Amino acid sequence: MGERTATAGCGRAAAPGQVTITEAIAGRQRTVRVRIPPGYTGKRPLPLLLNLHGTGSTAAKQERASGLDATADEHGFVVAYPQAARHSGGGFAWNIPGTPSFASRGPNDVAYLGDVVRLLGERYCVDTGRVYASGFSGGARMASQLACTPPVRLAGLVAVSGIRAPSGCHPSGGAVPVLAFHGTADRTNPYHGHGQPYWTYSVPVAAARWARYDGCPAGAATGRPFPGVTVTSYRGCRDGGTVELYTLAGKGHRWPPASGAFRPNEILWQFLSGQGRPAPSIPPDPSALSALPRPPASRSGAIRSCAGSGC
């Protein structure tokens with residue numbers, strides 16, 4: 001986690017609640033929905049979480065589907081829902097470098113998300129040492145890229161139904177803690193890989209590659225802390241980093257809802273804030289990081305339609 005530094009927005013008054021910002025950023029009109037937690041005073045720097053929508057979705061839909069407003073209100077952090085600019089179906093898609101649909105003349109969404117962090121830091125009291133990114137499906141792919149080539153220092157990444165480990169990954173400021181949730185019955189981004197052109201290697205391979213990027217020791221521990229949930233953990237990584245994959249048996253392509261004691265959004269925040277406890281484990285599997293295939297070469301092209309909403 002980086003050094004905690006207050007932004008220029010500290011000392012400025014702002015009412016708690018939901019705010020929609022529409023502003024020209026890098027020559028394009030962009031929309032960002034922001035949730036300010038109750039009790040916000042503008043005097044104490046708060047963590048900031050970017051939560052990115054999937055392909056064909058919108059910021060508003062991601063806000064509803066993820067349910068993170070309630071988590072932000074409970075734990076006192078700012079959550080922002082930026083919206084992409086490329087039209088896709090009834091919504092928008094991120095222009096993600098290294099993917100088949102990347103358009104070199106399209107929006108620079110890596111830079112845009114850095115601008116969003118800076119914009120919010122000017123308006124609100126944000127802790128620059130606690131800026132995180134999360135996303136669903138296409139938004140998880142975008143967040144994965146953001147963690148690899150960040151315009152701002154990210155203190156953590158959460159990828160839901162879409163974790164990738166881009167080649168040539170160079171996280172700034174050391175290792176990036178990574179948490180992923182993925183259902184084994186996901187037909188849009190199959191758990192075992194071999195899906196659409198943007199989806200080749202499997203989810204476990206993506207997690208293992210992040211463990212390699214973060215300098216984790218070879219070998220993963222696994223545990224089953226909830227019914228139908230297996231956790232694969234890489235710990236003891238560089239700079240105290242951790243990589244965790246929550247495999248959801250029989251679950252499909254969606255933001256996982258709470259079920260009994262399994263509260264994904266609570267797990268998300270505990271992980272990012274460093275309060276999470278290690279999952280129950282068995283002896284490490286030393287083969288987990290060996291013989292990993294290389295990522296596919298990138299290709300340019302138009303945005304492809306994907307099955308399901310918000311993929």
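In the predicted model, the largest nonpolar core holds 62 residues, of which Val 34, Leu 48, Leu 50 and Trp 210 touch the most other members. A nonpolar core is a set of buried Ala, Val, Leu, Ile, Met, Phe, Trp, Tyr and Cys residues joined through side-chain atoms within 4.5 Å. Here buried means under 20% relative accessible area, exposed means over 50%, and partly exposed lies in between (1.4 Å probe, protein chains only). The most residues in this core, eight, come from helix H5 (residues 203–213). Apart from this core lies another, of 25 residues, which includes Val 79, Tyr 246, Leu 248 and Leu 268. Trp 210 touches Ser 144, Ala 147, Cys 148, Leu 157, Ile 163, Arg 164, Ala 165, Cys 169, Pro 171, Val 176, Val 178 and Val 243, not counting residues up to four places away in sequence. Contact means heavy atoms within 4.5 Å.

Residues are numbered from 1 along each chain as its sequence is written. The model is predicted, so that local features need pLDDT of at least 70 and side-chain atom pairs count only at pLDDT 80 or more, while totals for chains, interfaces and linings use all residues; side-chain values use heavy atoms, with hydrogens and water left out.

The chain has six helices and twelve strands. Helices (H or I, at least four residues) and strands (E, at least two) are DSSP runs, numbered from the N terminus. Of the 311 residues of the chain, 56% count as buried. Among contacts between residues at least 6 apart in sequence, 68% join residues at least 24 apart.

The structure holds three disulfides, a disulfide being a pair of cysteine sulfur atoms within 2.5 Å. One joins Cys 10 to Cys 125, with an S to S distance of 2.0 Å. This link is right-handed, with 85° about the S-S bond. Cys 10 lies in the segment before strand S1 (17–25) and Cys 125 in the loop between H3 and strand S7 (126–136), so the pair ties together parts that are 115 residues apart in sequence. Cys 10 is partly exposed, with a relative accessible area of 24%, whereas Cys 125 is buried at 0%.

Another disulfide joins Cys 148 to Cys 169, with an S to S distance of 2.1 Å. The torsion about its S-S bond is about -100°, so this disulfide is left-handed. Cys 148 lies in helix H4 and Cys 169 in the loop between S8 and strand S9 (178–183), so parts that are 21 residues apart in sequence are tied together. Cys 148 is buried, at 1% relative accessibility, and Cys 169 is buried as well, with a relative accessible area of 10%. Both cysteines are among the residues that Trp 210 touches.

A disulfide also joins Cys 216 to Cys 237, with an S to S distance of 2.0 Å. The torsion about the S-S bond of this pair is about 100°, so the link is right-handed. Cys 216 is in the loop between H5 and strand S10 (221–226), and Cys 237 is in the loop between strand S11 (229–234) and strand S12 (243–248), 21 residues apart. Both Cys 216 and Cys 237 are buried.

Two packed helices are described by the angle between their axes and the distance between the axes. The axes of helix H3 (residues 109–123) and helix H4 (residues 138–148) come within 10 Å and cross at roughly 80°. That angle makes H3 roughly perpendicular to H4, a label used for angles of 65 to 115 degrees. Axes are lines fitted to C-alpha atoms, for helices over the stretch in contact, and angles run from 0 to 180 degrees between N-to-C directions. The contact is made by Asp 109, Val 110 and Leu 113 of H3 and by Met 142, Gln 145 and Leu 146 of H4.

Ala 159 is found in strand S8 (residues 156–160) and is buried, with a relative accessible area of 0%. Leaving aside neighbours within four places in sequence, Ala 159 is in contact with Gly 135, Ala 140, Ser 144, Leu 179, Ala 180 and Phe 181. The C-alpha atoms of Ala 159 and Phe 136 are separated by 6.3 Å, although the two are 23 residues apart along the chain.

Helix H6 (residues 264–272) is mostly covered, with eight of its nine residues buried. The buried residues of H6 include Trp 269, Phe 271 and Leu 272. H6 is followed by Gly 274, whose phi is positive, near 80°.

Definitions and conventions. Parallel < 35°, antiparallel > 145°, perpendicular 65-115°, else oblique.
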